[in-house]
Amino acid sequence: MLTWSDVRGQDGVGDVPFAASVSGGEPGPPGPDATAAQRSTAPLLAVCAGYFMVILDVTIINVAVPVVGRELSASLTGIQWITDGYTLVFAGFLMTGGALGDRLGNRRVFCAGVVVFTLASAACASAPGTAFLVVARLVEGLGAALIVPGSLALLQQAYPAPAARSRAFGLWGSMAGVAASAGPLLGGLLVSTVGWRWVFLINLPVGAICLFLTLRHVAPSPRRADRALDWPAQCAVVAAVALLTTALNEAGRRGWSDPAVLAALGLAVLAGAAFVVREWLARRPALPLRLLRSRTMSGAAAIGLLFNFGFYGMVFTASLYFQHQRGFSALETGLALFPAVAMTMFASVLSGRLSHRTGDRPLVVTGMLLGALGLAGWAAAGVDPAYALLVAPMMAAGFGTSFALTGSTATVMGSAPAAYAGAASGLFNTTRQIGSATGVALGGSLLATSSDYGTGLRVSMGIGALAYLTAAALAWRCVPAKEDAGGA
């Protein structure tokens, strides 16, 4: 029997002229005109650099944490907080980051997040003890929550033309898969050569370049001082996501029927209900319920939850399977997962180019069906199949997830008014983080409670395939066809 310690380890935003979208923005130099913005890749590089280091920090620490625990004499609880504290704060404050961006200007909040994240990374690298490192990781998670919602809003602002915007969303989406899958590979390389502190130090040059490119090439965003922050609603969201994330993390260690896990899940539901009631009563809600009632937005957000559940569940369980069942090193595990990584970049570029011709629905449906086929193929490959038999399933899952992400991202952002771009991005990324946490927690539970890794992994892959199929059905119903979206 495996133990848990073994497995821890419709408003047409895009049609608003670019000049109008930045009027009344933050003080600063005037931004480039719309034509120049479409040609320039600098805004895309700036935003994607920030998003890449945020997602990289979710997975790169998994390889380093055993070494960190030994060098800092960390307890098991301390090690868990080093890994989970970042994810908990990141997921909990995404909606707050989006609301702050809508009120204060998305570029301003994005840059503040980059500064916080970079300084916190430096603090992590210089941590003298476990407590200091845990606090620095919590602050790092807060910086990440400020970066991610603004990243989508800034891309929508910088690339208003539908074709250019789709390509930008495609590359943005590929950063998640590349960063998540490259984390173990890069982490293993750094830990085995220059030491675990470089897992955090690597963020410093990336953060500096991201900040420079953003201030130099991304136009100021509009500020809406009349949009008061709805603090009761924000607190309810933070409580709901934090409780849910904690319950999912603890479920793998305690079991799903443990009273503490059930209590946390119940409180998370109550906090979510309190958020809905508050938004219904508020004069200026953080996210109007008419947007939540939109089949397009809510459906695309649910799709994001489902494909993150399937993809990150696959990456997590496959990583543990390769290391514990096959005896791969961290570096070898990263190389073994590379087929999925390679496909994410290719698929994002292809989907970004196709979306203007086909619309988003065919891309999302096709991507989810491919993802389902990949995970089902892995589940059907047997208990201990040859690695060659797993390459095609990994490629299909990576390709399908990235192929669908472009269309679902464009669907969410296209269904939100310009004034709520940050909040819509926050909602979408919050649901995706919940999907990731659920996929990892369920995969860990299945591995921990199964008699062997092969059985637990096959069950996990089968459940992931069902999640992809459900997402495909939702996409067919909720993602607009090309004619419904006005050809965008």
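**Close-up views of a predicted helical model**

Asp 57 is buried, with a relative accessible area of 0%; buried means under 20% relative accessible area, exposed over 50%, and partly exposed in between (1.4 Å probe, protein chains only). The model is predicted: local features need pLDDT of at least 70, side-chain atom pairs count only at pLDDT 80 or more, and totals for chains, interfaces and linings use all residues. Residues are numbered from 1 along each chain as its sequence is written, and side-chain values use heavy atoms, with hydrogens and water left out.

**View 1. Asp 57 and Arg 137 form a salt bridge.** The closest N and O atoms of this pair are 3.5 Å apart. A salt bridge is a side-chain nitrogen of Lys or Arg within 4 Å of a carboxyl oxygen of Asp or Glu. Asp 57 lies in helix H4 (residues 42–72) and Arg 137 in helix H8 (residues 130–158), so the pair ties together parts that are 80 residues apart in sequence. Helices are DSSP runs of H or I with at least four residues, strands are runs of E with at least two, and both are numbered from the N terminus. Arg 137 is buried, with a relative accessible area of 0%.

**View 2. Arg 137 also forms a salt bridge with Glu 140.** The N to O distance here is 3.0 Å. Arg 137 and Glu 140 are three residues apart in helix H8, so about one helical turn separates them. Both residues are buried. Salt bridges that share partners join Asp 57, Arg 137 and Glu 140 into one network. A search of the whole structure finds two salt bridges.

**View 3. Helix H18 packs with helix H21.** H18 covers residues 360–379 and H21 covers residues 453–478. Their axes are 8 Å apart, at an angle of about 165°. Axes are lines fitted to C-alpha atoms, for helices over the stretch in contact, and angles run from 0 to 180 degrees between N-to-C directions. The two helices are therefore roughly antiparallel to each other, a term for angles over 145 degrees.

**View 4. Leu 331 belongs to a nonpolar surface patch with Leu 189 and Leu 335.** The patch has an area of about 250 Å². Patches are made of residues with over 30% relative accessible area and no salt bridge; like charges are joined within 9 Å, and nonpolar side chains (Val, Leu, Ile, Met, Phe, Trp, Tyr) within 5 Å. Accessible areas come from the Shrake-Rupley method with a 1.4 Å probe. Leu 331 is found in helix H16 (residues 330–336) and is partly exposed, with a relative accessible area of 34%.

Note on methods: Parallel < 35°, antiparallel > 145°, perpendicular 65-115°, else oblique.
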